[in-house]
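This note sets out some points for a reader who is new to reading structures. Please keep the sequence and the model side by side while going through them.

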Amino acid sequence: VCPIRHFLSQNVDGLHVAVNRIHCGVDSFAMCTGSRGKIRGCLPWLFSFVFAGTCGHVLGSKFISIGSDDWGRWTNHGPVWPNEATRQAFHEQGLWLSGGDPPKISAESDVDIEELLNFIESLNVGELPSQQVVITPFWVVAGPDFEAMRDSGCPGKGCTYSELWWHNSSGGLAREPYERGDLRSRYRDGFDRGLWRPQYHGRSHFDVQAWTAYLEAEEEVTSVYFGHGLTYYHYGKKDARDGLFHSTHSEYKSDHRTHQRGPEEMKRWVEGGLGSFKAFWGYDATVSALPCHYGDDFVGGIFKTLGVEMVEG
C-alpha cells in the first residue's frame, strides 16, 4: 500500500535490520524490523507501534510512521529500573511483594540516545531529504518529585503529589536512583539534527491520583518502592474502603475508579502537560499516543479541544 522507492538492509551489532524507505513528498518515514525485535542502541520500546496513514492531504500519498513511546519518563505503573543490578537486588531481597516479576523496563541514558541518533543518521547518508528516516518519539513531560513528596509527609497522612518538569529542570532521570545526568541537550540534539520530531505522550504515564492515595494510606508495596525512588502498587489487592482492586495503570483512566479525574479536572491536567511540551520543544503537539493505549472515552474530545489532531489509544 506504500510507494516504496527502494529497500535497504544492514547488520547492526549482528542484528539484521530491514528498512523500507518510502517517498512521501515533503516527509518520509521508515519501518524497521529485527529478528530479536530490538536494535542495540535503541530502547526496548523503540518501535512500539507502526501505522499507515496519508501523507499530505494534497498528495494523497501513503506513508509508514514510526512511533516510539515513553521517552523522558522515569515512572510507570510498574518500576522503571535504573539498571539490571537494582532489579536483581529487589529479587534477592524478596521485594517483588506482588504481581510476580516486574518487567525489565529501564530508562534511556546519554549513550543510548547518541547510539540511536547515530544509527538513524547512518541510514540517511546520501539520501534526499524527502527520503530520510525521521522517527516520532512520544514524550512524557513530567513525573513525581520524590524529594518534595517526602518533605510533604509521603508515605503517610498529608502526602501530596509534586512534579518535576522537563521544561524547567533536569527531571527525575538526573536524580537517584537513575543519575543519568542532564539529558535535555541530548534530547534536543535529535531534533536539531532532523532525526526525530517528538510528540506528546503524557504528563506522568501512570495514575498519580491512585498512587498518592496509596502512599497516604501507607500501603506496604507502594511505600517500599517509593522509599527507593520507584513506583509500584500492590497488584491484586482489594481496597478495604471501596472493594475495588488497586491499580495505577494509566494517567487517563483509573482502573481503581474511585480515583478517576472528571472531564474538567482532566482537561486542566492535559492542558498543563501540553503547555510544558511546548515550553520545552518550542512548538505545539499535534499528535498523542496515550500511555498504555488506555483512556476514558471523553479524553479524545479534550485533546481535540486543545488542538491535538489525532490521538492513538
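Which residue caps the N-terminal end of helix 6? Point 3 gives the answer, after a few remarks on the model and the chain.

1. Basis of the model. The model is predicted: local features need pLDDT of at least 70, side-chain atom pairs count only at pLDDT 80 or more, and totals for chains, interfaces and linings use all residues. Residues are numbered from 1 along each chain as its sequence is written, and side-chain values use heavy atoms, with hydrogens and water left out.

2. The chain as a whole. The chain holds eight helices and 11 strands; helices (H or I, at least four residues) and strands (E, at least two) are DSSP runs, numbered from the N terminus. Of its 313 residues, 49% are buried, where buried means under 20% relative accessible area, exposed over 50%, and partly exposed in between (1.4 Å probe, protein chains only). Among the contacts in the chain with a separation of 6 or more, 66% join residues 24 or more positions apart; a contact means heavy atoms within 4.5 Å. The accessible surface of the chain comes to about 13,800 Å², and 50% of this belongs to carbon and sulfur atoms. Accessible areas come from the Shrake-Rupley method with a 1.4 Å probe, and for residues only the protein chains shown count as cover.

3. Helix 6 and its ends. E219 caps the N-terminal end of helix 6, with a side-chain oxygen 3.2 Å from the backbone nitrogen of V221. Such a pair is judged as a polar contact (N or O atoms within 3.5 Å; within protein, one must be able to donate a hydrogen and the other to accept it, and residues adjacent in sequence count only if both atoms are side-chain atoms). Helix 6 spans residues 220–227, and its buried residues are V221, T222, S223, Y225 and F226. The cover over these buried residues includes helix 1, helix 3 (146–152) and helix 5 (208–216). Just after helix 6, G229 takes a positive phi of about 75 degrees.

4. Helix 1. N83 caps the N-terminal end of helix 1 (residues 84–92), and a side-chain oxygen lies 3.3 Å from the backbone nitrogen of A85. Just after helix 1, G94 has a positive phi of about 70 degrees.

5. The pairing of helix 2 and helix 4. Two packed helices are described by the angle between their axes and the distance between the axes. The axes of helix 2 (residues 110–123) and helix 4 (residues 184–192) come within 10 Å and cross at roughly 10 degrees. Helix 2 is therefore roughly parallel to helix 4. Axes here are lines fitted to C-alpha atoms, for helices over the stretch in contact, and angles run from 0 to 180 degrees between N-to-C directions; angles under 35 degrees count as roughly parallel, over 145 as roughly antiparallel, 65 to 115 as roughly perpendicular and the rest as oblique. D110, I113, E114 and L117 in helix 2 meet R186, Y187, D189 and G190 in helix 4. The residues of this contact divide into three nonpolar, one polar and four charged. In this grouping, Ala, Val, Leu, Ile, Met, Phe, Trp, Tyr, Cys and Pro count as nonpolar, Asp, Glu, Lys and Arg as charged, and the others, Gly among them, as polar.

6. Two buried positions. A285 sits in the loop between helix 7 (263–281) and strand 10 (287–289), and is buried with a relative accessible area of 7%. Leaving aside neighbours within four places in sequence, A285 is in contact with Q199, Y200, L274, F277, G307 and V308. S288 lies in strand 10 and is buried, with a relative accessible area of 0%. A polar atom of the S288 side chain lies 2.8 Å from the backbone oxygen of Y200.

7. Backbone geometry to inspect. Most residues other than glycine have a negative phi, and most peptide bonds are trans. The peptide bond from C154 to P155 is cis, with omega near -10 degrees, and the bond from E176 to P177 is cis, with omega near 5 degrees. D70, in strand 5 (residues 61–71), has a positive phi of about 80 degrees although it is not a glycine; D70 is buried, with a relative accessible area of 11%. E179 has a positive phi of about 50 degrees, although it is not a glycine, and is exposed, with a relative accessible area of 53%.
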